[in-house]
Amino acid sequence: MLKIDEVINSKGFPDRCEVAVIGGGIVGVSTAYELARRGVSVVLLEKGVIAGEQSGRNWGWVRQQNRDLHELPLAMQSLRRWGELNEELGDDIGFRKSGILYSTESQADVAQWEKWLAGARALGFSSDILSARELASRIPSGKGKWAGGLWSPSDGRAEPSKAAPAIARGAQKLGARIYQNCAVRALDESAGRVSGVWTERGRIAVDNVVLAGGAWSALFCQRQGIALPAINVIGTALRTAEAPGVIDGCFSGPNFALRRRLDGGYTIAVPGYGRVELAPQNLRHSIQFRTMFRSKLKKKLKIRVGSSFFDGPEARASWGDRDVTPFERHRVLDPRPDTEWLERALHNVASVFPELAGLRIAHAWAGAIDTTPDLVPVISPVDAKPGLTIASGFSGHGFALGPGAGMLVSQMVMGERPQFDISPFRLGRFSDGSDVRVPEMM
């Protein structure tokens, strides 16, 4: 298991609150924090531990660069919040604005970046296209037949083991109540809207519910009669022991992603590669994912039969309101890392940075990445369930987008008008006849 900073449960147990947040990942804790800042009575309920799943298992990149243009305004809002949180919380979340550098050996990538940058500038964001010589000057020890690079000095990195727990503790200081090892089994409804949540510790009356359950959101929605198209992609990453410094922040190389850690090591992964288990939920939504599989991930995913077919986040939702649920049987998802990707990642890193050949793996892990058909999250009220808002399906972008998403969700719950267009995040795009968009930047 990963080592994650501890959060202590709040005392007592409430019988009502204004807003219940389901899920203690970065989106859930950020939502609770933003609501608590506004003086809202909020309770966060987590089936396992804060940041125990993907929010503590991601790469730690905090980027705006190369986002889908629909996501970019949210990424920009989130970056601003990341920059404010250390001081607000009085706690180090590991955020450093150290820049993110992309490299490529393909002129086609450079052309794609130039096209993306034209759209990004129209939204108020800018980064720098680098020539092959300019890129090489930024990574003097790097070896590659470079075509060019993309540099964003305003992007950064943070420590997944610290960030969500620190935000959760900050929310508690503002009055939010947080309960771990407390699964929500079902919603309660009355008078045509959500009026409560049934937890393993009893019912809590609520005015609004935010579902930020990550890999488990689609299963919860299925139990409530809501179709949330999402599959879980199992991604693998590793951290090394202390190693020579070849970058200060984050670097995207040919088939590897590298982040300098505060402990002097690196977090390394192979972008886009992973596995998907054949299971009822994934088969149910397979048609909607056809475009994504063909365009982006066709050669990067392993399809396997696994235990999720019978029990887990992709299984059938078949339990009663007071039954023990899969959420309680699986407090923390801890998937098996894929050794092939680990070996490939280390090989790819060493091919660019020879001084990192022979890196020692200090720890390897895997995480379930809740993924939508167009790789854009669902941040949306549910028309059929007044009082319920979903914030899920972040497709591997949730850590960076988390603080901004928490602010956005708090605005939605409070009935305020967001500062940018949120229609691309609506749940209804998957059921109202809209074409499933080809995913843009990852």
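Predicted model: local features only at pLDDT ≥ 70, side-chain atom pairs only at ≥ 80, totals over all residues.

Student: Why is Glu 34 called buried?

Tutor: Its relative accessible area is 5%, and the cut-off for buried is under 20%. So Glu 34 counts as buried.

Student: Why does the pair tie together separate parts?

Tutor: Because Glu 34 sits in helix α1 and Arg 81 in helix α2, parts that are 47 residues apart in sequence.

Student: How many salt bridges does the structure hold?

Tutor: There are 22. Take Arg 185 and Glu 328, whose side chains meet at 2.7 Å, N to O. That pair links distant parts of the chain, with Arg 185 in strand β9 and Glu 328 in helix α9, 143 residues apart. Both Arg 185 and Glu 328 are buried.

Student: What makes Arg 429 and Asp 374 a salt bridge?

Tutor: Their side chains come to 2.8 Å, N to O, and the limit is within 4 Å, so the pair passes. Arg 429 is in the segment after α11 and Asp 374 in the loop between β19 and β20, 55 residues apart. Both of these residues are buried.

Student: Which residues do salt bridges with shared partners join into one network?

Tutor: Glu 34, Arg 37, Arg 81, Glu 84 and Glu 88.

Student: Let's move to Ala 364. Why is it called partly exposed?

Tutor: Ala 364 has a relative accessible area of 22%. Buried would take under 20%, and exposed would take over 50%. The value falls in between, so Ala 364 is partly exposed. This residue lies in strand β19.

Student: Which residues is Ala 364 in contact with, beyond its sequence neighbours?

Tutor: Leaving aside neighbours within four places in sequence, Ala 364 is in contact with Ala 237, Leu 238, Pro 337 and Leu 342. Ser 392, by comparison, is 28 residues from Ala 364 in sequence and 25 Å from it in space, C-alpha to C-alpha.

Student: What makes the backbone at Ala 51 worth a look?

Tutor: Its phi is near 65°, a positive value in a residue other than glycine. Ala 51 is in the loop between β2 and β3. Its relative accessibility is 2%, and the buried cut-off is under 20%, so Ala 51 counts as buried.

Student: Where is Asn 66, and is it buried or exposed?

Tutor: Asn 66 is in the loop between β3 and α2. At 3% relative accessibility, it counts as buried. Asn 66 also has a positive phi of about 65°, although it is not a glycine.

Student: Now the cores. Which residues touch the most other members of the largest nonpolar core?

Tutor: Of its 48 residues, Val 19, Ile 26, Val 42, Ile 50, Trp 82, Ile 93 and Ile 379 do. Elements that each supply at least two residues of this core include β1, α1, β2 and α2. There's also a second, separate core of 38 residues, with Ala 215, Ala 218, Cys 221 and Ala 317 among them.

Student: What does Ile 379 touch?

Tutor: Not counting residues up to four places away in sequence, its partners include Leu 74, Ile 390, Phe 394, Leu 408, Met 412 and Phe 425.

Student: How many cavities of 30 Å³ or more does the structure hold?

Tutor: One. The largest cavity has about 30 Å³ of space, and its lining includes Gly 214, Ala 215, Asp 370 and Ser 392. That lining divides into five nonpolar, five polar and one charged.

Conventions: Residues numbered from 1 in each chain as written. Heavy atoms only, no water. Helix = DSSP H or I, 4+ residues; strand = E, 2+ residues; numbered from the N terminus. Buried < 20%, exposed > 50% of the residue type's maximum accessible area, 1.4 Å probe, protein only. Contact = heavy atoms within 4.5 Å. Core = buried A, V, L, I, M, F, W, Y, C linked by side-chain atoms within 4.5 Å. 1 Å grid on protein atoms, 1.4 Å probe; cavity = no way out; pocket = protein on both sides within 12 Å on 5 of 7 lines; lining within 4 Å. Points joined across faces, edges and corners; volume = space filled by probe spheres on them. Nonpolar A, V, L, I, M, F, W, Y, C, P; charged D, E, K, R; others polar.
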